[in-house]
Amino acid sequence: MTNGYIALISAILITLILITAALAVGLGGFWSRFNILGSEVKAGSTGLAEACLEHARLRLAEEDVYAGDDTIPVGEAECYIAPVAHCSSQKIVVTRGIYREAHTILRVELQNGTGDVLSFDEIPSFANPSCPP
């Protein structure tokens, strides 16, 4: 009688351990799908912000006094160019791309005259650019 009881308890414990291991492996794959989806959505918002940046650079090449403050449609989405800060030796452009729930905000300093990129940064919060003192 005790041999059957020990065998039954052992079988139950081994089954619980195997089920726990299978659930851990299965949930790991489930959560990694969300991580991959998040990175794809972030890449979409980055692409939108970069598209607005290139639009602003083109407009600044066409007309040196381009003011910004534009919303640009890109496919089914859109991006925003903040008002451009025209400083003595540079122009500062801030763009925002939103794709699904991901946000990317880029701040770029461009050399006056040539349009060369002096700095290119992703910033955490959106604010209209201003010239340094």
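Predicted model: local features only at pLDDT ≥ 70, side-chain atom pairs only at ≥ 80, totals over all residues.
Where does R100 lie? R100 is in the loop between β4 (90–99) and β5.

Residues are numbered from 1 along each chain as its sequence is written, and side-chain values use heavy atoms, with hydrogens and water left out.

Now the overall layout. Helices here are DSSP runs of H or I with at least four residues, strands are runs of E with at least two, and both are numbered from the N terminus. Of the 133 residues in the protein chain, 26% are buried. Buried means under 20% relative accessible area, exposed means over 50%, and partly exposed is in between, with a 1.4 Å probe and protein chains only.

Back to R100. Its phi is near 55°, a positive value in a residue other than glycine. Most residues other than glycine have a negative phi. R100 counts as exposed because its relative accessibility is 56%. D69 also is not a glycine and has a positive phi, of about 55°. D69 sits in the loop between α1 and β1, and it is partly exposed because its relative accessible area is 47%.

Next, G75. It is found in the loop between β1 (70–74) and β2 (77–81). With a relative accessible area of 75%, G75 is therefore exposed. G75 is 27 residues from L48 in sequence, and the two C-alpha atoms are 9.8 Å apart in space.

H86 belongs to strand β3 (residues 85–86). Its relative accessibility is 36%, so H86 counts as partly exposed. Between H86 and S130 there are 44 residues of sequence separation and 8.3 Å in space, C-alpha to C-alpha.

Is T104 buried or exposed? T104 is buried, because its relative accessibility is 0%. This residue lies in strand β5. Its side chain makes a polar contact with the side chain of T46, at 3.3 Å. A polar contact is a pair of N or O atoms within 3.5 Å; within protein, one must be able to donate a hydrogen and the other to accept it, and residues adjacent in sequence count only if both atoms are side-chain atoms.

The charged end of R96 sits over the ring of F126, 4.4 Å from the ring centre. For that, NZ of Lys or CZ of Arg must be within 6 Å of the ring centre and within 35 degrees of the ring normal.

Last, the largest pocket. A pocket is an open set of points on a 1 Å grid over the protein atoms alone, where a 1.4 Å probe fits, with protein on both sides within 12 Å along at least five of seven lines; lining residues have an atom within 4 Å of a point. The largest pocket holds about 180 Å³ of space, a volume being the space filled by probe spheres set on the points. Its lining includes R57, D64, K91 and T114. Which elements each supply at least two residues of that lining? They are α1 (2–62) and β5 (102–111), and α1 gives the largest share, three residues.
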